[in-house]
Amino acid sequence: MENLPDNLKFKILELLNENKNPSAPPIQRPLNFSEVPENLAWKFKEDEVIHQLRSNGFTVIDDFLSYYEESVKDTDIVEVIGACNESLENSSLLPAAIGYGVTRHIDKSVRGDSTRLFSNADLDLPADHVTATMNKLRNRMLSLVPSLSTHLLPPNTALTPKGLQLAYYPGNGEHYHAHRDSSPLNPDRRITILLYVNKDWNKGDGGELRLHFPDKSVFDIEPIANRLIIFRSDLLHQVLPTNAARFAVTMWLYTREPVNLPTLTKPLDISQLSHPTIFVSIPSYRDSETHKTVKSLISTAANPSRLRIGILYQDHEEEDKDLHNDLALPDVQNLNGQNMLQIKTKRISHLLATGPMTARAQIFTEFFANEDFYFQVDSHMRFENGWDDYLVRCVLDGVGVNEEKKNWIVSFYPPSYSLPDEKGISDGPIVLSPKEFDKDGMLRLKGQAMNVETLNLPQSDKIRLIEHSFIASGFLFAQSEAIIKCPPDGTLRGLFFGEEISHSARLWTSGYDFAVPVFGPNGMDHYIAYHLWSRKHRTTWWDDLSKENDQLIQDRLNSQEFVRKLLTDGDSEAHEGRGLGKVRSVKEFETYCKVDFKKQCIMNN
């Protein structure tokens, strides 16, 4: 081969691209990961990222640099964009070459970008502002590496970076043909981490990353600012023609030893990768915690720009006039101006309030716009980082204790918090079960913490869910099709106890099952949300309005009678869309939750 022309050598090596080479070049230097700042949100997304890398070969993390709390955040996407533009202005970018050694050459018909390489040595002792910024970005990317090594590689094998590459496509149709980052020319690349730095990218600007899968399918990823992509370096990919300027920063991760990664398949569920929208329903009755709840919801979301929030304020016109002034929110617009957070509100007199279910029904009717997921919460809650990604995964990928998959609705009583923000604890996931029938014939529920150690769950990288019999109205997360089929019943005026049992029956008989994520061994190591169970900070609509409101009292009696009939006659046709489903019967529901609604008794469990 030594006597062949250089261009032929390159073509031969290019044709051998899919082969593996067990040799490994020396690593430049060991890195002390204990010195790398921790990515605070990475802990919550870790299971999702590892799952997607193993099954799909890639994963997408939007708003990557936004995950860090201000106390540790030392760079952001705006600073990185500035450094990229500065590199362009000072002419430090050079035409990109393909090949190595004697095969190295420039061919713009294959690859049209210009690049600047930053070695570890350059980044360790930055000589200019650009390098200093890239060093901070490297540290952010490095926070991902220990977990990738632990979960993707055999024991005692580590991924190690060699620096960063800044790539620039001017936007005149430049592209990069389909290729693999690992090849006989560079056999020890295992993982590619790529961050897009394109402030004003819009649809039609081109430059998408196209991934190719073994079944000949492809998946295109838009180069949106602050979007991080992690993919296997042996995955065939290309850069589509660019019609606007495009920057990207890449880190490649290497191993000293050859490794065998899982067999690559096409993505199993593309909806997980496109950050589907979430509608959040928040009814508020004279509650001083409402805006704190909204701020917690937004500030802890992995992708706050996906949220569509509907709030119904039910306030006293005089006493509460300053209770809900303008809601000051963090700016969650991403730099390309897409996927803006939306909040819709309506304010009515507290005298018009007729209970939580009618308020939820009004929010659903007036604000819901066919978002992908529906999240029903109370107005006095706090949330943990990454709640949105985690709940989406629970519904789409969660499995029961016996590995079964169902049409899940995640709904439960969260542990409590105390004012102002002291989060409580629970001994385990809180499952709902029947407690007793009250004097009005309404089934009351109870929440009980389960010791998951008694379940002897096998080790698994899947999200574990514990199935239970009822929904909790103050915390319900589902695919929106479930709520479109069984929306909150706006005719049940005056009803409080009875809301959860009637909605549970309608959803369960329509084919949906209710679950709580596992906390503890083989499950989450912390909770996803907290609820203020104490009512000392607020008045309730029933205490306010029921004493001298004969109509509201009669409305409640009528609603209770409707619920009793719904759960005993099982006639869904008679209730004009407010009744039971047809997938399972109310008798089956009674057997399932061990309740006799006619006799108003609870069977032995």
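**Close-up views of a predicted model**

**View 1. Crossing of helices α11 and α14.** The axes of helix α11 (residues 499-509) and helix α14 (residues 586-593) come within 10 Å and cross at roughly 115 degrees. The model shown here and in the other views is predicted. Angles of 65 to 115 degrees count as roughly perpendicular, and α11 and α14 are therefore roughly perpendicular to each other. Their crossing is right-handed. On the α11 side, the contact is made by I501, S504, A505, W508 and T509, which meet V586, E588, F589 and Y592 of α14. Sorted by class, the residues in this contact are 6 nonpolar, 2 polar and 1 charged.

View 2. E208 lies in the loop that joins β7 (189-196) to β8 (209-212). With a relative accessible area of 17%, E208 is buried, because buried means under 20%. Beyond its neighbours within four places in sequence, E208 contacts W201, D220, I221, E222, P223, Q238, V239 and L240. The C-alpha atoms of E208 and R246 are 9.7 Å apart in space, while the two residues are 38 residues apart in sequence.

View 3. The buried residues are T290, H291, T293, V294, S296, L297, I298 and T300.

Conventions:
Residues numbered from 1 in each chain as written. Predicted model: local features only at pLDDT ≥ 70, side-chain atom pairs only at ≥ 80, totals over all residues. Heavy atoms only, no water. Axes fitted to C-alpha atoms, helices over the stretch in contact; angles between N-to-C directions. Helix = DSSP H or I, 4+ residues; strand = E, 2+ residues; numbered from the N terminus. Parallel < 35°, antiparallel > 145°, perpendicular 65-115°, else oblique. Left-handed = near helix turned anticlockwise from the far one by under 90°. Contact = heavy atoms within 4.5 Å. Nonpolar A, V, L, I, M, F, W, Y, C, P; charged D, E, K, R; others polar. Buried < 20%, exposed > 50% of the residue type's maximum accessible area, 1.4 Å probe, protein only.
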